[in-house]
Amino acid sequence: MNTRLLNCSGAYDDFICEAAEIIRNGGLVAFPTETVYGLGANGLDPDAVNSIFRAKGRPNDNPLILHVSDIASAEKLWSCIPDAAYALMNTFWPGPLTIIAPRASIVPDEVTAGLETVAVRLPSDPVARALISKAGVPIAAPSANLSGKPSPTTAEHVFEDMKGKIPIILDGGPCKFGVESTVVTLAGEVPTILRPGAVTLEMLSAVIGEVKVSESVLSPLKPGEKVASPGMKYKHYSPEAEVFVVNGSPEATAKRIMQLYDDAINGGKHPLICATEETMPFYNRCGENVLNSGYQCAIVGTRKYPQTMCTNLFRILRDADSCSDLIFAEGTREQNEGLAYMNRLLRAAGFKVIEAGE
Ligand code: TXA
Ligand code: MG
């Protein structure tokens, strides 16, 4: 199959019509959202949903998110809607928040992987919204990467993973947030974050009061442990290169990483530093331009604004494969969007952490 990239930076009505037609006929379309690119199919058509799992190589016990273009469409997908859901929808939709509540009977088992709940989200990206509303059905869409790889934040990333498997990729440019939506479940006693994102714990609590963070957000599953979110049990976001997280103050982190880097070079490796603006001055051995320092570095963002680190992380992990086989990535505090950054980074690293101290 020939895979076409359709540039949606100008007028895109014709592309939306074509893509919506494919969705209605049971096919797959990749499309941009404000978080990451999605791989969409008609969420009410079990065969179409199954083809998503095949294209991604995704285990089919990992449920999908249904994407809608208005709140009225979301209401039809749940059998009971807690007050907190309305408070969250009215505050954070359209936007990077996915809400889980008991499912309605029209939702196929293939979407929920047999669970009694369903995840629903109303994205803010204009191309995504136009596509969903034109298709006239909820669109089931996981991130448009091969299972296990970092989620795609550009149409080119999607092409790398999906070429030959899908007819169309709608290209909306780089994604604004760069990590997937926050997933919060309202199906238990206390609202619980299963996956942190750009709608933070702090923002959710300000609207609905007590919110918990699932233990699996920052720690690996213990053997035999039952998971709240099936997605958490799989290896995730992994580049080919081995990744280590290095935690600590900017100065201590940079010093430790420089030692690790030199050791790696001596061992014949090709290391890459995933640095922050705060540590860049330390990697500069001679007080000159970073490019002259001899260290291969990518700047993920600034620790002051962890959202900047989220925006660039997946792109850096993907690009790293062409130039390195070992990545030393700086950790940050798990506050605000820092929680989402650490959740993705720890998984990419298989929870391998080096403490550099303060
Ligand atoms: O930003 C996003 O959410 C992107 C874009 C495309 O919208 N989508 C996305 O989908 O990240 P996916 O399939 O890669 O991640 C969905 C996550 C998985 O961890 C899955 O296990 C969890 O949501 N999930 C979905 N339905 C669930 C349910 N009923 N109960 C618990 N977890 C659920
Ligand atoms: Mg995913």
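**View 1. The crossing of helices H7 and H11 is left-handed.** In this predicted model, helix H7 (residues 155–162) packs against H11 with the axes 11 Å apart and an angle of about 45 degrees. Axes here are lines fitted to C-alpha atoms, for helices over the stretch in contact, and angles run from 0 to 180 degrees between N-to-C directions. H7 and H11 are therefore oblique to each other; angles under 35 degrees count as roughly parallel, over 145 as roughly antiparallel, 65 to 115 as roughly perpendicular, and the rest as oblique. A crossing is called left-handed if the near helix is turned anticlockwise from the far one by less than a right angle, and right-handed if clockwise. Helices (H or I, at least four residues) and strands (E, at least two) are DSSP runs, numbered from the N terminus.

The model is predicted: local features need pLDDT of at least 70, side-chain atom pairs count only at pLDDT 80 or more, and totals for chains, interfaces and linings use all residues. Residues are numbered from 1 along each chain as its sequence is written, chains are lettered from A and ligands numbered from 1 in the order in which they are written, and side-chain values use heavy atoms, with hydrogens and water left out.

**View 2. Helix H11 (residues 306–320) also crosses helix H12 (residues 338–348).** Their axes come within 8 Å and cross at roughly 25 degrees, so H11 and H12 are roughly parallel to each other. This crossing of H11 and H12 is left-handed.

**View 3. Helix H1 (residues 13–24) packs on helix H6 (residues 126–135).** The axes of H1 and H6 are 9 Å apart, at an angle of about 50 degrees, which makes H1 oblique to H6. H1 passes H6 in a right-handed crossing.

**View 4. Ligand 1 has 25 residues around it.** Thr 35, Asn 62, His 67, Ser 181 and Arg 195 come nearest; a residue is near a molecule if one of its heavy atoms lies within 4 Å of it. By class, the shell holds twelve nonpolar, nine polar and four charged residues. Ala, Val, Leu, Ile, Met, Phe, Trp, Tyr, Cys and Pro count as nonpolar, Asp, Glu, Lys and Arg as charged, and the others, Gly among them, as polar. Strands S4 (65–67), S6 (117–121) and S10 (192–195) each supply at least two shell residues, and S6 gives the most, with three.

**View 5. Side chains make polar contacts with ligand 1 (pairs of N or O atoms within 3.5 Å).** A polar side-chain atom of Arg 195 is 2.8 Å from an oxygen atom of the ligand, and one of Ser 143 is 3.1 Å from an oxygen atom of the ligand. In Thr 117, a side-chain N or O atom lies 3.0 Å from a ligand nitrogen atom. The protein covers 96% of the 680 Å² of accessible area that ligand 1 has on its own (Shrake-Rupley method, 1.4 Å probe).

**View 6. The peptide bond from Trp 93 to Pro 94 is cis.** Its omega is near -10 degrees. Pro 94 sits in the loop between helix H4 (83–92) and strand S5 (97–102).

Notes: A polar contact is a pair of N or O atoms within 3.5 Å; within protein, one must be able to donate a hydrogen and the other to accept it, and residues adjacent in sequence count only if both atoms are side-chain atoms.
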